Amino acid sequence: MIAPGSGVRVYLACGVTDMRKGVSGLAALAQEVLRQDPCSGAVFAFRGRRGDRIKLLFWDGQRFCLYYKILQRGRFPWPSPADGSARLTSAQLAMLWGGIDWRRPAWSSPPSRVA
């Protein structure tokens with residue numbers, strides 16, 4: 001994925017989004033539901049009803065980029081619809097895109113060496 005910079009703002013549309021929406025429909029959701037300018041350079045994330053599909057909308061300064069990913073197994077971790085929207089860091093976005101639960105990643109210590 002050609003990624004936005006490390007300091008990018010990331011907004012999640014909590015709840016379910018109709019995955020049939022394209023760039024125009026998702027940009028309208030970013031503006032009307034999330035109350036953000038879709039051309040601001042932020043990344044907007046939307047998840048489908050089954051939870052296995054995600055779309056990211058990003059304005060790169062010249063045009064919209066729409067990224068779409070479908071998991072073969074599992075679901076993308078997502079906040080409750082009651083939350084409305086959520087902000088993520090670029091590191092959390094990378095975990096989300098990879099299918100990792102960005103809310104509680106499994107950090108483990110390196111295995112101990114046996115001498």
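## A lysine inside a strand

Let us start with a pair of facing residues: Phe58 stands opposite Cys65 in β4. Please keep in mind that this is a predicted model, in which local features need pLDDT of at least 70 and side-chain atom pairs count only at pLDDT 80 or more, while totals for chains, interfaces and linings use all residues. Residues are numbered from 1 along each chain as its sequence is written, and side-chain values use heavy atoms, with hydrogens and water left out.

Strand β4 covers residues 64-70 and runs antiparallel to β3, joined to it by 7 bridges. Strands here are DSSP runs of E with at least two residues, numbered from the N terminus, and two of them pair if DSSP finds at least two bridges between them. The hairpin of β3 and β4 has 4 residues between the strands, and Gly61 in this turn has a positive phi of about 105°.

β3 also pairs with strand β2 (residues 43-47), in the antiparallel sense and over 5 bridges. Here Phe44 has Leu57 of β3 as its bridge partner. The hairpin of β2 and β3 has 5 residues between the strands, with Gly51 taking a positive phi near 85°.

Of the 7 residues in β3, 5 are buried, where buried means under 20% relative accessible area, exposed over 50%, and partly exposed in between (1.4 Å probe, protein chains only).

Now find Lys55, which lies in β3 (residues 53-59). A polar atom of the Lys55 side chain does lie 2.8 Å from the backbone oxygen of Met19. Lys55 touches several residues beyond four places away in sequence, among them Phe44, Leu66 and Tyr68; touching means heavy atoms within 4.5 Å.

Asp18 has a salt bridge with Arg20, whose closest N and O atoms are 2.9 Å apart. Asp18 is partly exposed, at 33% relative accessible area, whereas Arg20 is exposed at 73%.

Finally, look at Asp52, which counts as buried at 14% relative accessibility. Asp52 forms salt bridges with Arg50 (3.7 Å) and with Arg53 (3.4 Å, N to O). Shared partners join Arg50, Asp52 and Arg53 into one network.

Technical notes: Polar contact = N/O pair within 3.5 Å; in protein donor to acceptor, adjacent residues only side chain to side chain. Salt bridge = Lys/Arg side-chain N within 4 Å of Asp/Glu carboxyl O.
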